[in-house]
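Here is a short briefing on the disulfides in this protein chain.

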Amino acid sequence: MSTMNWKRKSTLCEGAVMVLLLGHMTFALEVPLDSKVLEGLPQPPTITHQSPKDYIIDPRENIVIHCEAKGNPHPSFSWTRNGTHFDVEKDPKVITRSNSGTLVIDISEEKAEAYEGVYQCMARNEHGTAVSNNIVIRQSKSPLWSKERNEPITVQVGVSLILHCRPPAGLPPPIIFWMDNNFQRLPQNSRVSQALNGDLYFSNVLAEDTRNDYICYARFPHTQTIQQKQPITVNVLNDRPAGERKPSFMYPSGASSTVSVLRGETLELECFADGLPTPEISWTKVNGDLPSDRFSFHNFQKMLKIAEVMEADGGDYRCLARNRLGSAQHIVTVVVKAAPFWISAPRNLILAPKEMGMLICHVGGNPKPTITWLVNGVPIENSPKDPRRKIEDNTITLSDVQTSSSAVYQCNASNEFGYLLANAFVNVLAEPPRVLTPPNYVYQVISNRQAMLDCASFGSPLPKITWFKDGQTAIVDGDSYILHENGTLQINVAQPLNSGKYTCVATNSQGNRENHVYLEVKEPTRILKQPEYKEVQRGSKAVFECKVKHDLTLIPTMTWLKDNGELPDDERFVVDSDSLTINDVTQEDEGTYTCIMNTTLDQDSASAMLTVVERPDPPRDLELTDQRERSVQLTWTPGDEHNSPIQLFLIQYEDSLHEPDVWNNMTEVPGTSTTAHLDLSPYVYYSFRVLARNDVGLSEPSIPSSQYRTNPASPDKNPSDVEGTGTEPDNMVISWNEMTGLQSNGPGLQYKVSWKQKDTDEDWTSIIVANVSEYVVTGTPTFVPYEVMVQAINDYGSGPKPEVVLGYSGEDRPTMAPESVKVLVQNSTLAEVHWEPIPPSTVKGKMLGYKVYYWKEKSLQKEESKPEEPQKLIFSGNETEGHLPDLHPYSQYSINVRAFNGKGDGPPSTDQKFETPEGVPGPPTFLRITNPNLESFTVEWGPPMDDNGRLTGYILKYQPINSTEELKEMTLLANETSVVLENLKYSTRYKFYLNAMTIKGSGPIVTTAITIMDEAMTSRQVDIATQGWFIGLMCAIALLILVLLIVCFIKRNKGGKYPVKEKEEAHQDPEIQPMKEDDGTFGEYSDTEDHKPLKGSRTPSNGTVKKDDSDDSLVDYGEGGDGQFNEDGSFIGQYSGKKEKDTAEGNESSEAPSPVNAMNSFV
């Protein structure tokens, strides 16, 4: 049931009581408490409020004993005290509240004990008497501690100890706790703890347990007073300490014990163990499990608490105490008893005359309760006998009831642990149905949800409810509908088709009553686009989208929450119709954001997390440990990672000796590490700092560590990238990468440079230099190999033996040109060149290859003004031949070859000349058709741009397109550039192909196409539309058509009448009456055609005739045959005939004739 419907139902039937109606077996009837409905409706008394059975009063306040009841007529009240009538009117200190049975007793001048006792209230009217529980009034008590003298307690270290509290018995029992003289609670733990009875248990004592202010306090809650016991002094000696021992139990004693508990109460089991070391306590249930949702451990596991005890909780429980020397156990047997409890209490009955009813008093308890019945507060055996009443143990059966059978029955169930008392009235009424649900109420429900339509009613006998939808067939129980006994109609899954008007009818033997309600089924509210998880950087913007669909007839309300609370009152939060924007995000904005779309009927919500990320905070607390000559251990504490895990730590160092204020990257370690082993160099003043990196970026650097200085030492390495390269033919430059201060390992860094010519017996030549990265050796032979070494030295020694590097002195240009250069022409565009290599001694360096230079001197056919620019081909290494591609045919070329090395090119060889043979020519420059006429046209072309030899002529081919006719070919002279073609087919499209020729063959083809006579005919064509004779002819035709139209118009207007007209006039059908002249139509039929439509009908423009709306037409007379007229003019067939045929024969439309219409018909 929806919340809305539930609230409505509770409003309609608030305070109603359920009854059992036995006559039609059991039914539930709700008794309305609306004053308008209750007017004149009798009702026996019902107790609505009373004081608790055990009522402990505060002697400082007045005694208030509650007793409220309802009924019609309103009940009167009386009291008994200790089983006898209590005349409240005779006691001036007792006041009864107006319209109530509640007693107010003024004890300001009287001792409260004078009013202690057992009270019972009775509410009666003419229909019966209801009674309250026995209310026991007792005064709260907070007695003083009995005077006693506590002797000091002296114990040895390690023994167990119990300090007894023994508080005075109060009403209710006091709350116990231990404190010292300063009102500070004494600390408790697994070794020292307090029992439920207030005693303080020590599993073993320590020297620090010595004190003289162990004070037990008792707080009495009703009077809010605290009493204290005399302080106890404990002296702990250490001259004969107790040894270690396995556990034993101080409480409970023995191997087993038994505890009784009442059903529904809380079971509390305790055990305290002696032992050294202090034992650990655990609890288990023998042959069973502890109730998972109702048990808990308290007091350092020394108490097992089980709430709302049930019969199944009875059994054996094991308390196990264990230390490293052994264990001990105690079995507690729990016996569950039960005061009387209701299985089902008797219910009020509202019966109609002559019906049956049953009161059932079904109770449980252990031991089994005794049930007694009373009627109107009198034991039933002492009441007047009623033959219509039958009593069987816990059931009273009433049959054939009458109005006089109305009464209040009491069921009393008791055993040794308590009692239960219930009132149930029997009200015999004869009432017609009343529908309590407001009329014409509109229920609104969301589609696919449950709908509950109320039909709350009252009547006696119990009305039968019948439902109708839209005033049609009665609704019956089925898959779609459920009819509840209280009249409610339940629609399990409401759909739009369930919307409409519903009528409920309440019927009993006294009459019937109906009520109308309406159901509207609405579309559900749905979030189509939910907000998504956002991870944004601080200071940026976060946007959560929340797009919603809802029923258009419902008013939506969008609400945004942060962590299930309201959004902060901050202008940075901007709420739009379908989004939430957070500008300038801060760390405090982190959380879960929820969009809620509410309508009056439903809501939908969706949530998403916002995580604010930022660069991590810098690491802190840098510390150098495990400090050695060449290494150190660096540790640190990571800073806040700001929701983005740290990926790595970057360690940097500063060398304040060689590069102060310059931080260099040293190493990286994973983000899970907080320590790094660092290898160090000698003679460096190190400081370290650490940076953290996450997905957002690098943190600020940490505060630098303390400085760590390493001692000087000889170099560990020599300079890198040592080379020996000549820059001039008589020198060699020895170079290296200069070492840094970090690499020097000590002061006085210098370089020992050594060299000697390779493969000779000469000694090494050495020189020591400083603060440079090269040394130039002069006076060397040209391009000679040298062995070179560079070694680092400082004030503390030399570096390791250096590696020998091969170098060369400087190069010079080659001194000799290649010889025997030959050219072999392969074809018109390719030649092959050969040469002899130069001797190695003339290379004067590292041989890199040969360069071939060639250029076109001239064309062998055309005179050219100047030669082309030379082209260059490079052949690496010792190659002695190569190809010259892309040469021009029929041309003269020159060529030379030269060697080159790293220094440059050597002298060129003598120029050699060679010629290329002829090749095929290029395509003609253009092909076009000119001078077209009816007899011939001219084909023109341009010579090729590249003749590539001596032209021998042209070949022209042509043929019709898409024809099987053979291709025609013409051979033309080289000096021709046009040809005239004749006798070709008219209106035929031809394609032409042309190419030039040399003695080497034909060149590429060019094409064009033309349709013969197109242009010639176009030039001779005359526009006929501009000729005078054609214009005159068209005017004559138009005039003739106009004359014909006028004749037809006149002839039609002179049409006669035929006999059918008189019949139509006699028929007087308004649809076929002649039209008046001012209507624009004619009052007569034409006698020229037998197939024209009737007056008043409409003919479509396509010539067909549509049937008129009139039922009385000539078509109806025809009965479907082909229409004709007989000799006397009567109609003997269908008038309309075949309209398609009529139209084809030239029938006009029945529209009013006009020249325009006649023209349209003609056309």
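Cys216 is buried, because its relative accessible area of 0% falls under the 20% cut-off. This is a predicted model, and Cys216 is bonded in it to Cys165 through a disulfide. A search of the whole structure turns up 6 disulfides, and the points below take a friendly tour of some of them.

**Cys165 and Cys216**
- The sulfur atoms of Cys165 and Cys216 sit 1.9 Å from each other.
- The torsion about this S-S bond is about -70 degrees, so the disulfide of Cys165 and Cys216 is left-handed.
- Cys165 belongs to the loop between strand 13 (161-163) and strand 14 (175-179), while Cys216 is part of strand 17 (residues 211-220), so the bond ties together parts that are 51 residues apart in sequence.
- Cys165 is buried, because its relative accessible area is 0%.

**Cys455 and Cys504**
- A disulfide links Cys455 with Cys504, with an S to S distance of 2.1 Å.
- Its torsion is about 70 degrees, so the disulfide of Cys455 and Cys504 is right-handed.
- Cys455 is found in the loop between strand 40 (451-453) and strand 41 (457-460), and Cys504 in strand 46 (residues 500-508), so this pair connects parts that are 49 residues apart in sequence.
- Buried or exposed, what are Cys455 and Cys504? Both Cys455 and Cys504 are buried.

**Cys546 and Cys595**
- Cys546 and Cys595 are also joined by a disulfide, and their sulfur atoms are 2.0 Å apart.
- With a torsion of about 55 degrees around the S-S bond, the disulfide of Cys546 and Cys595 is right-handed.
- Cys546 lies in the loop between strand 50 (542-545) and strand 51 (547-549), and Cys595 is in strand 56 (residues 591-598), so the bond holds together parts that are 49 residues apart in sequence.
- Cys546 counts as buried because its relative accessibility is 1%, and Cys595 counts as buried because its relative accessibility is 0%.

**Pairing along the chain**
- How are the bonded cysteines of the chain paired when they are numbered in sequence order? The pairing is 1-2, 3-4, 5-6, 7-8, 9-10, 11-12.

Technical notes:
Residues numbered from 1 in each chain as written. Predicted model: local features only at pLDDT ≥ 70, side-chain atom pairs only at ≥ 80, totals over all residues. Heavy atoms only, no water. Disulfide = S-S within 2.5 Å. Helix = DSSP H or I, 4+ residues; strand = E, 2+ residues; numbered from the N terminus. Buried < 20%, exposed > 50% of the residue type's maximum accessible area, 1.4 Å probe, protein only.
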